[in-house]
Amino acid sequence: MMADLDLPFIFAALLGLSILIYVVLDGFDLGVGILFPFASEAERDTMVASIGPFWDANETWLVLAIGILLVAFPIAHGAILTQLYLPVAVMLVGLILRGVAFEFRAKAPPKHKRAWDIAFCGGSLMAGLSQGFMLGLYIMGLSYTWWHVGFALLTAVFLTVAYSFIGATWLIWKTDGDLQKKAVKWSREGIWGVIAGMGLVSLFTPFVSERIFDKWFGLPQMLYLSPLPVMSALLIGAIFWKLRRLPMDADSYAWVPFVATIALFALGFAGMAYSFYPFIVPEALTIYEAASAPEALSIILVGTMIVLPTIIAYSVLSYWIFRGKATKLSYD
Amino acid sequence: MDTLLLSRIQFAANISFHILFPTITIALGWVLLFFKVKFSRTREKRWMDLYMFWVKVFALSFALGVVSGITMSFQFGTNWPGFMETVGNVAGPLLAYEVLTAFFLEAVFLGIMLFGASRVPGWLHTLATFLVAFGTTMSAFWILVLNSWMHTPAGHELRDGVIYATDWWAIIFNPSMPYRLAHMLLASGLTVAFLIAGISAYRLLRGDRGGDAATGLRFGIILGALLIPLQILAGDMHGLNTLEHQPQKVAAMEGNWETQGNVPLLLFALPDEEARTNHFEIGIPSLASIILKHDPAGVVPGLNDFVAADGTVTHPPVAPVFWSFRIMVGVGMLMLLASWAGAFLLWRRGADNLPRPYLWGLSGMSFAGWVATLAGWYTTEIGRQPWLVNGVLTTEAAVADVPAPMVLSTLIVYLAIYAILMVAYIGVITYMARKAAKGEPLPRDERTIGAQAMAVPAE
Ligand code: HDD
Ligand code: HEM
Ligand code: HEM
């Protein structure tokens, strides 16, 4: 019965979903770390408090994503990760530094706190930059030419800016007072980077291969696909407009930029997924060629179908328990 | 050095660093649950203080465990692509179930456990604490299933060079799994017992009169005294299981070259693989035969049985296995001595009046569990070489062809970071112990639950 399902497609969709959730969720907490240098010491405590209960679960989506790649597409997993050996190492070091700095800054002797703050920010930067670099290199087909590396360096910067942007919109939602005002300011500046980054990637991807070009600019696909850029443009417009008015009385609509940014990330991601489908190693290996044995996939699928909704439910529970402003979250 | 050797060193470094922290969190989660329930039953402040102190250690260890674990999950792809390509159909689902049933459970409820006390009803907070402890134990279960399967593979078949699962029950309950799981969970319990006893002893030595230090000391000693005999028993049974499935490993552990009866238990020896003999042997006659075969004349397999006619050696490197096994058992014996002596002293003199030299000894043993655990893993894992999956896949066949200098550079970076983090970790725990001993409030921590929150009825 299971064998009739299009398992490779289902797992590619699950993989995409967990990468997207990871980028959004760890995106905002990495972003908060990247914004550290611009905040005062007291503000940093609040910023950390705003992500305290969530960061570990956020990062687990990366473990799930890499797990799905590992278990569902073992050949692709080796091929991609050995190509990305060094950026992966940089990312891991970054994630190590920030994850532990988070704990140490609250427990170490006060005179060491600054050093841990630097580790927290530096680690977040390393993770953001290396993820952006990997994204760029992946788009370019995972080969190291000057030109590809150059592009990857650009995407590294832009993804980092995008993370700091979603981090800032998170802070608009979760904080108040001066920090919230600062976060609005950061978002107003950051949004230019997001626009430039999304524009750059959208412009370049079609030219990476003829196949991708045809997928976008052939008729009639172009018509079906037009909502994607149009909706993105509308969302950017909406965020822009909202940011001009925030913060508002009684703190209304403080959640709007964050939620709209999630939608924006999702649209951008959908566009990319569409470009690369059905390839998992760009232009080299399709999801069908790379998939594990159906027996192995179906046993994971059963578990996933039961467990994933549960995970999402209790993650929502956790966000609900820790709703409200971060300042009130501290100490008890 | 070549890529294979460097990758092995890197993998060993990463997993050794990783295992240190789960070893603490697996058992500490349950201990915290115990402290919490104890407090809500007795309403005695010392239980709450204990909870408050150790929950910080827990949070710190957990963070270190998580970040080093993430490194682990990338290692398979970056350094050992052959592993997943060959045994992915078995290893994949096991790892997937670990992520799905354990990691998310721990990660989400950790937030509620650490910061949620004032936001959720007491029962939900207790439930969250339970779920975190349960999650860490589930992690250990799944990963040990995989690791045991790598030692004693079962329930699979090989088609065109790729492993396919045929019987999941046989894979999960593979022959060495129950022994390894029991031994590892006990190891975790012992590590935490000695950590709590050791740090509490240190606090008492520094003049802590808080009440919770003495309680912690008593708790640690009693837990250690209860677990160590079980561990020795489990270890013995584990060894017998290994004798059945991986005799070459046991031969290396015993430093026994010839298959023969009346094999002595070596207390000291320098195994020499060139000469295929031991130097400077000191041993207890026939004891190894008695332990392994329950008969002084029992025949124990020897290393020379694992040399092919063409001279290819198919047994593991002898000296590291021989020595790490002795370190583990040695620490185990020390733990037996320390905890039983402690239990006796507690009974005669009470927790506030233990002799200072004994307290110093205990605090010196704070991290003894780590030493034994690592030594145990080295015995097991080096003892499996040259196989990665016993009889199925060699380590050499799984390695990535990443250039050696690249592996070397990342290895150096990891080692440097691990060294710094290790110093920071032990430093911060000592710092917290000193502050607690002076009766000063622990460092401001916006992330852990406050005393008031704990005073809310916990059930
Ligand atoms: C606190 C930690 C600790 C202590 C005190 C001991 N062990 Fe242990 N031992 C472990 C922690 C550990 C471990 C880290 O958990 C290992 C590594 C892999 C495993 O399954 O357990 C292990 C492995 C291990 C193995 C190898 C299993 C294999 O072949 O794969 C044997 C035979 C023993 N142990 C036997 C003992 C004996 C006879 C002990 C008596 C004192 C002992 N251990 C104390
Ligand atoms: C946690 C405690 C563990 C420690 C301290 C440990 C230690 C080691 C060491 C020292 C080696 C190198 C052996 C050698 O090269 O001679 C090794 C190899 C290996 N272990 Fe473990 N191990 C542990 C658990 C695990 C688990 C749970 C798994 C699987 C899920 C695993 C998978 C491997 C693999 C794939 C290798 C091959 C790479 C290599 O030979 O270096 N290990 N381990
Ligand atoms: C190759 C082997 C291993 C891999 C790939 C691995 C992977 C991971 C990952 C990714 C995490 C982080 C989970 C999160 O985000 O919350 C983690 C944490 C954890 N791991 Fe491992 N791990 C390995 C070996 C082990 C071993 C041998 C044990 C114990 C016997 C263990 C027990 C745990 C536990 C209890 C946690 C929870 C976090 C903590 O307490 O620190 N793992 N591991």
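Mentor: A polar contact is a pair of N or O atoms within 3.5 Å; within protein, one atom must be able to donate a hydrogen and the other to accept it, and residues adjacent in sequence count only if both atoms are side-chain atoms. This is a predicted model, in which local features need pLDDT of at least 70 and side-chain atom pairs count only at pLDDT 80 or more, while totals for chains, interfaces and linings use all residues. Residues are numbered from 1 along each chain as its sequence is written, chains are lettered from A and ligands numbered from 1 in the order in which they are written, and side-chain values use heavy atoms, with hydrogens and water left out.

Trainee: What makes the approach of His183(B) to ligand 1 a polar contact?

Mentor: A polar side-chain atom of His183(B) lies 2.8 Å from a nitrogen atom of ligand 1, and because the limit is 3.5 Å, the pair qualifies. The side chain of Thr242(B) places an N or O atom 2.8 Å from an oxygen atom of ligand 1, and that of Thr380(B) has one 3.4 Å from an oxygen atom of the ligand.

Trainee: Which residues are closest to ligand 1, and how many surround it?

Mentor: A residue is near a molecule or strand if one of its heavy atoms lies within 4 Å of it. There are 23 residues around ligand 1, and Arg180(B), His183(B), Thr242(B), Lys249(B) and Met328(B) are the closest. With helices (H or I, at least four residues) and strands (E, at least two) taken as DSSP runs numbered from the N terminus, H7(B) gives the most to this shell, 7 residues. By class, the shell has 10 nonpolar, 10 polar and 3 charged residues, where nonpolar means Ala, Val, Leu, Ile, Met, Phe, Trp, Tyr, Cys and Pro, charged means Asp, Glu, Lys and Arg, and the others, Gly among them, are polar.

Trainee: Why is the site of ligand 3 called shared?

Mentor: Residues from chains A and B surround ligand 3, so the site is shared between chains. From chain A, the side chain of Thr60(A) has an N or O atom 3.3 Å from an oxygen atom of ligand 3, whereas for Thr25(B) the corresponding distance is 2.2 Å.

Trainee: What makes an atom a donor to the iron atom of ligand 3, and which protein atom is it?

Mentor: Donors are N, O and S atoms within 2.8 Å of the metal (3.2 Å for Na, K and Ca), and because water is not among the atoms, sites may look incomplete. NE2 of His18(B) is 2.1 Å from the iron atom of ligand 3 and is its single donor from the protein; His18(B) lies in helix H1 of chain B.

Trainee: How do you know whether Gln231(B) is buried or exposed?

Mentor: Buried means under 20% relative accessible area, exposed over 50% and partly exposed in between (1.4 Å probe, protein chains only). Gln231(B) has 10%, so it is buried. Gln231(B), found in helix H7 of chain B, touches His183(B), Leu186(B), Ala187(B) and Leu190(B), leaving aside residues up to four places away in sequence, contact meaning heavy atoms within 4.5 Å. Arg43(B), in the loop between H1 and H2 of chain B, is at 41% and therefore counts as partly exposed; its phi is positive, about 60°, although it is not a glycine.

Trainee: Why can chain B be called as compact as a globular protein of its length?

Mentor: Chain B has 15 helices and 6 strands. Its radius of gyration, taken over C-alpha atoms, is 23 Å, close to the 23 Å that the globule rule (2.2 Å times the number of residues to the power 0.38) gives for 459 residues, so the description holds. Buried residues make up 62% of the 459.
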